[in-house]
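Subject: Structure handover

Hello,

Here is the structure I said I would pass on. Please have a look at the sequence and the model before reading the notes that follow.

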Amino acid sequence: MRIYKVKDYDAMSRKGAAIIAAQIISKPDCVLGLATGSTPIGTYKNLIAAYNAGDLDFSQVKSANLDEYRGLPRDNDQSYYYFMYNNLFKHVNIDMNNTNIPDGMNPDADAECARYEEVIKSLGGVDLQLLGLGHDGHIGFNEPNDQFDKFTHCVNLTEMTIEANKRFFASIDDVPRQAYTMGCGTIMRARKILMLVSGADKADILYQVVNGPVTPQVPASILQFHPDVTLVADEAALSKF
């Protein structure tokens, strides 16, 4: 695992964008595994700026998102489709037909998860997977568990995750209780992984992820076994190292 220590969130965002931009430049038709949440917003803003400056071309890029809430339609302002469209896709020249996000409105969980695995397979796999890190060590919506999930699956969100996400909803009762997510095995099949972490509140869990035992109780710890992981984290997040 390569670790880049940067000053703050803005520096993390610039470095993350530079790594993704390098992937696009080196392979214009690459497959990007994309993430949502507050962590990657700055990275996406930097990618949009590079596109507007004429330095990046998304026309051949394909994408596959990590996850989506179950039961939220695409036009719901808290769906991850809505997030990706408004924070990246509509600002660059990516072909929306080349973007892929689990269908949260498919009531058949087994069918949707199998379909999404086939989508990723049909793309030839993910070239670079972007990840954030949850306070309990989750990646995507892979929550602490007794085993690492191998494939895309439907997950029941933990109370910690529901609590963390309630700030985006009118009330905690509106937060979805389930999501479709790439499994840890799906994530591990990406050729490269880029994890972005910011803030002192992530310091303890980040230390466990990098230096602790590999355990499904800390899902991101499985990244210790991946051959090509880059961690970009700010001083606060790396304060326990």
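Contact here means heavy atoms within 4.5 Å. Please also keep in mind that this is a predicted model.

**Threonine 43**

With that cut-off, and not counting residues up to four places away in sequence, threonine 43 touches Ser13, Gly16, Ala17, Ile20 and Leu196. Threonine 43 belongs to helix 2, which covers residues 41-52. The residue is buried, and its relative accessible area is 0%.

Seven strands form an open sheet, in the order 1-10-9-6-2-3-5, and the pairing is parallel. At the edges are strand 1 and strand 5 (99-100), each of which pairs on one side only. One of the pairs is that of strand 2 (residues 31-34) with strand 3 (residues 62-65), which run parallel and are joined over four bridges. Within this pair, leucine 32 has serine 63 in strand 3 as its bridge partner.

**Helix 7**

Which residues of helix 7 are buried? In this helix, residues 203-211, they are Ala203, Ile205, Leu206, Val209 and Val210. Viewed down the helix axis, these buried residues fall within an arc of 165°, so they line one face of helix 7. They pack against three strands of the model: strand 1 (2-6), strand 9 (192-197) and strand 10 (229-234).

Glutamine 208 is also in helix 7, but this residue counts as partly exposed, at 38% relative accessibility. Leaving aside neighbours within four places in sequence, glutamine 208 is in contact with Val218 and Gln224. Glycine 137 is 71 residues from glutamine 208 in sequence, while their C-alpha atoms are 8.3 Å apart in space.

**Salt bridges**

How many salt bridges does the structure hold? There are seven, and some of them are described here.

Glutamate 112 and arginine 115 form one of them, with their closest N and O atoms 2.7 Å apart. Glutamate 112 is buried, with a relative accessible area of 2%, whereas arginine 115 is partly exposed at 36% relative accessibility.

Another salt bridge is made by the side chains of glutamate 117 and arginine 189, at 3.3 Å from N to O. This pair links distant parts of the chain, 72 residues apart: glutamate 117 is in helix 4, and arginine 189 is in the loop between helix 6 (184-188) and strand 9. Glutamate 117 counts as buried at 15% relative accessibility, while arginine 189 is partly exposed, with a relative accessible area of 46%.

The side chains of glutamate 163 and lysine 166 also meet in a salt bridge, with an N to O distance of 2.7 Å. Here glutamate 163 is partly exposed, at 40% relative accessibility, and lysine 166 is partly exposed as well, with a relative accessible area of 34%.

**Cysteines**

How many disulfides does the structure hold? The number is zero. For cysteine 113, the closest cysteine sulfur is that of cysteine 154, and at 6.2 Å it is too far for a bond. Cysteine 113 is buried, with a relative accessible area of 7%. Cysteine 184 is in no disulfide either, and the nearest cysteine sulfur to its own, that of cysteine 113, is 14 Å away. Cysteine 184 is buried too, and its relative accessible area is 2%.

Best regards

Notes:
Residues are numbered from 1 along each chain as its sequence is written. This is a predicted model: local features need pLDDT of at least 70, side-chain atom pairs count only at pLDDT 80 or more; totals for chains, interfaces and linings use all residues. Side-chain values use heavy atoms; hydrogens and water are left out. Buried means under 20% relative accessible area, exposed over 50%, partly exposed in between (1.4 Å probe, protein chains only). Helices (H or I, at least four residues) and strands (E, at least two) are DSSP runs, numbered from the N terminus. The arc is that of the directions from the helix axis to the C-beta atoms. A salt bridge is a side-chain nitrogen of Lys or Arg within 4 Å of a carboxyl oxygen of Asp or Glu. Two strands pair if DSSP finds at least two bridges between them. A disulfide is a pair of cysteine sulfur atoms within 2.5 Å.
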